[in-house]
Amino acid sequence: MSPTTETAPEYPAAATTNDLEGQKAFVEYWFDVYNSASLTGDTRELKSISDSDAANQLLWGRIEEVYNKGGRIEGNECRLIDMVRVPASPDGFAYVTVTI
């Protein structure tokens with residue numbers, strides 16, 4: 001089974017702010033894109049908004065593997081339950097703790 005065609009979720013305007021609400025909007029968007037990629041097999045948008053670290057490569061690689069072998073992914077979607085901003089780190093990045 002090849003990837004199905006579906007419109008990717010739209011990037012929320014709220015995700016452009018660097019406050020907790022903006023970060024929450026981005027995380028919710030990220031999960032919408034992940035869920036869409038899982039349902040369709042199209043990982044392009046997921047790759048474009050994710051770091052290319054080993055964990056993310058494994059994540060989208062598993063999706064691609066399933067669809068490349070003719071399978072599909074069904075089941076529950078991942079959703080944000082809670083999010084707490086962690087104090088800024090010395091590297092200048094803001095981090096959040098996410099519960100899904």
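Start by selecting proline 9: does this residue count as buried, partly exposed or exposed? Keep in mind as you look that this is a predicted model. Proline 9 counts as partly exposed, because its relative accessibility is 24%, and buried would mean under 20%.

Where are you in the chain? Proline 9 sits in the segment before helix 1, which covers residues 20-40.

Next, show the neighbours of proline 9. Leaving out residues up to four places away in sequence, it touches Tyr29, Asp32, Val33 and Ser36. Proline 9 and asparagine 35 are 26 residues apart in sequence, yet their C-alpha atoms are 9.8 Å apart in space.

Time to zoom out and switch to a cartoon view.

Go to helix 2, residues 44-49: its mean of 94 is the highest among the elements. Then jump to strand 2, residues 95-99, where the mean is the lowest, at 70. For the protein as a whole the mean pLDDT is 85, and 86% of the residues reach 70 or more.

Of the 100 residues, 27% count as buried. And if you draw the contacts between residues at least 6 apart in sequence, 45% of them join residues at least 24 apart.

Definitions and conventions: Residues numbered from 1 in each chain as written. Predicted model: local features only at pLDDT ≥ 70, side-chain atom pairs only at ≥ 80, totals over all residues. Heavy atoms only, no water. Buried < 20%, exposed > 50% of the residue type's maximum accessible area, 1.4 Å probe, protein only. Contact = heavy atoms within 4.5 Å. pLDDT = per-residue confidence, 0-100. Helix = DSSP H or I, 4+ residues; strand = E, 2+ residues; numbered from the N terminus.
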